[in-house]
2 protein chains.
Amino acid sequence: MAKDFSTREENYSQWYNDIVIKADLAENSAVRGCMVIKPYGYAIWEKMQAALDKKFKDTGHSNAYFPLFIPKSFFSREADHVEGFAKECAVVTHYRLKNAEDGKGVVVDEDAKLEEELIIRPTSETIIWDTYKKWVKSYRDLPLLINQWANVVRWEMRTRLFLRTTEFLWQEGHTAHETKDEAVKETDLILNIYADFAEKFMALPVLRGLKTASERFAGAVDTFCIEALMQDGKSLQAGTSHFLGQNFAKAFDVKYLSKENNLDYVWATSWGVSTRLMGALVMAHSDDHGLVLPPKLAPIQVVIVPIYKKAEQLDEISVKANEIKKALEARGISVKFDDRDTYKPGWKFAEYEFKGVPLRLAIGPRDMENGTIEVARRDTLEKEILQVADIEHKVENLLEQIQENLYRKALNFREDNTFRADTWDEFIDIIENKGGFVYAHWDGTTETELAIKEKTKATVRLIPLDSEKEIGKCIFSGKASEQRVVFAKAY
Amino acid sequence: MAKDFSTREENYSQWYNDIVIKADLAENSAVRGCMVIKPYGYAIWEKMQAALDKKFKDTGHSNAYFPLFIPKSFFSREADHVEGFAKECAVVTHYRLKNAEDGKGVVVDEDAKLEEELIIRPTSETIIWDTYKKWVKSYRDLPLLINQWANVVRWEMRTRLFLRTTEFLWQEGHTAHETKDEAVKETDLILNIYADFAEKFMALPVLRGLKTASERFAGAVDTFCIEALMQDGKSLQAGTSHFLGQNFAKAFDVKYLSKENNLDYVWATSWGVSTRLMGALVMAHSDDHGLVLPPKLAPIQVVIVPIYKKAEQLDEISVKANEIKKALEARGISVKFDDRDTYKPGWKFAEYEFKGVPLRLAIGPRDMENGTIEVARRDTLEKEILQVADIEHKVENLLEQIQENLYRKALNFREDNTFRADTWDEFIDIIENKGGFVYAHWDGTTETELAIKEKTKATVRLIPLDSEKEIGKCIFSGKASEQRVVFAKAY
């Protein structure tokens with residue numbers, strides 16, 4: 001296991017990158033801005049997918065699949081959407097290659113130029129609403145509650161593994177409803193699913209709120225989001241749920257005949273989370289010893305390492321280890337027994353520590369004699385010798401404790417790094433010297449928001465839901481404000 | 001439920017299309033050649049994915065994700081591969097759009113031209129082997145057993161839903177091994193997984209065999225395949241497993257240091273099945289009443305339809321229906337209780353029949369009095385009245401019977417449509433008038449194979465594995481042959 005990695009203190013950004021690379025989560029590919037998600041990283045993503053997919057299905061949603069390509073003209077149908085999405089994107093212009101005349105390789109066949117260019121989907125509202133037009137005739141066809149797991153492409157100049165990549169994986173939900181009220185409720189339902197997933201599975205506390213106009217999804221009436229605080233005091237948007245009003249229904253002429261025989265446009269939502277969550281997960285819990293994973297998303301929850309000198313010792317230990325493995329697996333715990341003879345125990349310890357495996361069990365000859373086992377927690381790095389009897393209960397409890405501990409730690413961190421600022425000087429001081437979430441009054445104008453961003457790089461991350469109204473004055477303009485909003489620098 | 005659909009007799013091709021469209025499996029999108037996979041169709045695909053994914057993981061494979069884009073020059077690295085794949089494909093040439101000068105919509109920004117064009121992956125050997133070069137150093141890094149679930153694009157001029165589409169979904173496995181023997185075993189392991197999946201889940205008997213040189217994967221040493229017979233007597237290739245030798249290792253310079261300290265190229269395989277399997281599934285079992293699904297892949301295995309006139313009757317029936325639903329679900333059976341009041345029972349019967357739901361249960365007021373229930377099988381269209389007591393056992397048994405019956409029917413069909421031809425006249429007669437699989441002698445040359453294809457449209461589907469050697473004469477050239485091969489017209 002490589003030990004040449006940065007600490008958070010030395011270089012936070014390098015620390016993040018080192019963990020992603022050296023814990024085998026992902027790496028850059030030969031294609032600029034596109035990553036390879038390695039098996040260990042992908043296994044975490046699969047666990048995220050499974051948990052979210054279940055929540056979507058339990059609330060009545062179905063998966064479907066829509067084309068990768070979107071005709072260029074589709075973007076122009078919704079005025080705001082085209083501004084937001086039809087810019088930095090991958091454009092397919094031809095559909096054939098041919099052998100080069102000089103015999104060296106292949107070249108684009110100019111005879112195979114598309115009449116209309118195709119855009120690799122940066123998001124699928126347009127192609128989906130073009131389809132919904134065919135599916136929606138009457139109230140009996142509603143609601144449409146559809147999700148898709150897909151790859152999308154947004155051409156990025158500066159990329160970072162998981163956090164900002166040209167191609168990324170995500171899910172995008174697209175729903176159609178009879179009434180505004182129903183669509184608003186859907187937006188809310190999904191926001192809560194995202195928050196619940198972040199907190200229960202990722203062990204990551206999140207704030208829920210409304211985006212300001214300047215941070216709103218292009219084409220939405222309202223964008224709701226969850227935001228989480230990373231260890232460097234910056235906020236990361238971890239999921240968004242958009243109330244689209246009738247914007248896309250109007251752009252793509254999707255009307256339905258109501259029970260009362262009225263023809264009306266349907267109401268819409270869209271919502272998504274992406275492989276960006278992987279970046280949030282890495283940054284939320286990891287430490288200077290490497291990746292730390294919450295048990296609920298760890299591909300390997302428990303690793304068993306045998307300590308031995310002679311082959312007969314390994315044989316004996318293996319019997320015991322496989323017994324324990326079986327007992328744990330019967331409880332739904334994923335276990336790896338690493339009996340490779342190509343690596344030493346010390347190397348294995350470092351490897352699994354760096355890869356964030358929540359619990360490590362080690363068994364040596366003395367343990368075999370004493371009926372004991374060494375248990376090491378990744379979150380606290382504590383080790384203890386336990387009686388091996390009833391180990392499956394103990395492990396189960398420990399995994400629960402680790403999951404809770406990580407959440408509590410992250411929550412404490414957020415609380416320690418959440419501030420109130422009442423003046424511009426206070427605000428500047430916190431943003432520049434402390435970071436974190438800053439609750440402050442804002443006059444509600446885009447002008448002020450952009451001026452603050454210009455001066456401090458901090459933006460309004462969200463307007464909190466259900467927070468108390470409080471009369472105050474905007475920290476920047478001094479104008480009246482009715483509610484504090486949350487500022488932070490952000491990923 | 002639409003009743004205006006074609007029978008197989010009238011128009012087989014239209015019958016297929018009608019089922020795909022009207023059973024809500026898929027439809028054409030606004031992008032030529034690309035389909036929308038609708039929720040009901042996608043739910044079947046998800047079941048296929050889950051079953052295959054489990055088999056891959058149970059045999060030690062992991063999932064990962066590689067980029068959608070492949071630099072154009074990568075294709076030229078392997079001589080055969082470039083001929084096979086770098087032709088009809090989607091080419092990304094630009095990475096930005098801008099507002100049109102006339103203010104109408106967006107146009108390609110010519111300043112944002114890529115230095116090297118990117119190809120949307122038609123298959124991922126090249127980008128993956130470029131990555132494996134970084135991953136493989138020593139024997140300790142081997143084997144690499146990796147699979148990816150992804151979308152791929154092959155530009156097609158004539159497309160058919162599921163069977164041939166420009167974009168399709170698939171899995172592609174890519175493995176690297178120390179020895180030739182290990183790679184050959186992997187190719188074989190996967191072929192058997194595919195065959196087992198086709199037979200046990202899809203209820204579709206398949207032949208296993210080796211492709212001839214002209215049908216081999218571009219870049220492979222050997223391509224193995226499974227082939228299934230459709231109801232129109234044409235064969236459908238349902239999965240391929242390629243032994244790639246050291247071709248890609250050499251093209252991308254992937255060497256490993258062996259235990260004995262020798263540096264050598266690794267050995268490779270690749271293998272895949274795609275949404276084409278959906279087309280095979282539709283054609284294998286469906287009839288003139290619509291789709292027929294094997295229970296193991298049916299999103300809804302059992303539908304319960306209430307028959308009632310008054311609201312109180314529905315209330316009573318609902319209690320019973322939900323009780324049955326719960327008992328069935330406890331056994332892992334997926335059940336829909338369709339209590340919508342917006343459709344009549346007759347409409348629902350037709351709907352679920354067309355959609356291939358394996359079992360339909362109907363409960364009316366008289367059933368409530370008598371403790372009975374009407375059970376209708378989709379495969380045989382038989383109805384019977386059963387005592388409702390212990391219905392979960394009866395349903396479970398019926399589902400197993402349906403699964404077996406579909407397989408047996410398909411196997412009988414294949415046996416009835418498998419022939420031997422010893423002369424050219426016999427061969428022509430069978431291919432033109434009967435269709436099906438024809439076992440015949442072939443001289444082993446590409447020349448003869450292409451001549452036969454030219455004259456009859458039939459190709460060698462495969463050289464059977466483990467079939468008896470038999471001395472004979474090629475039906476076309478009269479030259480010596482040692483084994484019969486399987487000819488058929490194919491999708």
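Me: Let's start inside chain B: which residue in β27(B) stands opposite B:L462?
Reply: Happy to look, and keep in mind that this is a predicted model. Strand β24 (residues 459–464) and strand β27 (residues 484–488) of chain B pair in the antiparallel sense over 3 bridges. In β27(B), the residue opposite B:L462 is B:V486.

Me: Which strands stand at the edges of the open sheet of chain B?
Reply: The sheet is open, has mixed pairing and holds 11 strands, in the order β3-β9-β10-β16-β13-β12-β11-β24-β27-β23-β22. Each edge strand has a single partner, so one of its sides is left without a neighbour in the sheet. Those strands are β3 (62–63) and β22 (418–420).

Me: How many nonpolar residues are on the side of chain A that touches chain B?
Reply: The contact takes 53 residues from chain A and 53 residues from chain B. On the chain A side, 11 are polar and 10 are charged. The nonpolar ones number 32.

Me: In chain A, which residue has the C-alpha nearest the axis?
Reply: Chain A superposes on chain B by a rotation of 180 degrees with 0.0 Å of shift along the axis, at RMSD 0.0 Å. That is the relation of a two-fold axis. The nearest C-alpha in chain A lies 2.1 Å from the axis, and its residue is A:V92.

Me: What percentage of the contact residues of chain A recur in chain B?
Reply: The same surface serves both copies. The share that recurs is 100%.

Definitions and conventions
Residues numbered from 1 in each chain as written. Chains lettered and ligands numbered in written order. Predicted model: local features only at pLDDT ≥ 70, side-chain atom pairs only at ≥ 80, totals over all residues. Pairing = 2+ DSSP bridges. Helix = DSSP H or I, 4+ residues; strand = E, 2+ residues; numbered from the N terminus. Contact = placed C-beta atoms within 7 Å. Nonpolar A, V, L, I, M, F, W, Y, C, P; charged D, E, K, R; others polar. Least-squares fit on C-alpha atoms with pLDDT ≥ 70 in both.
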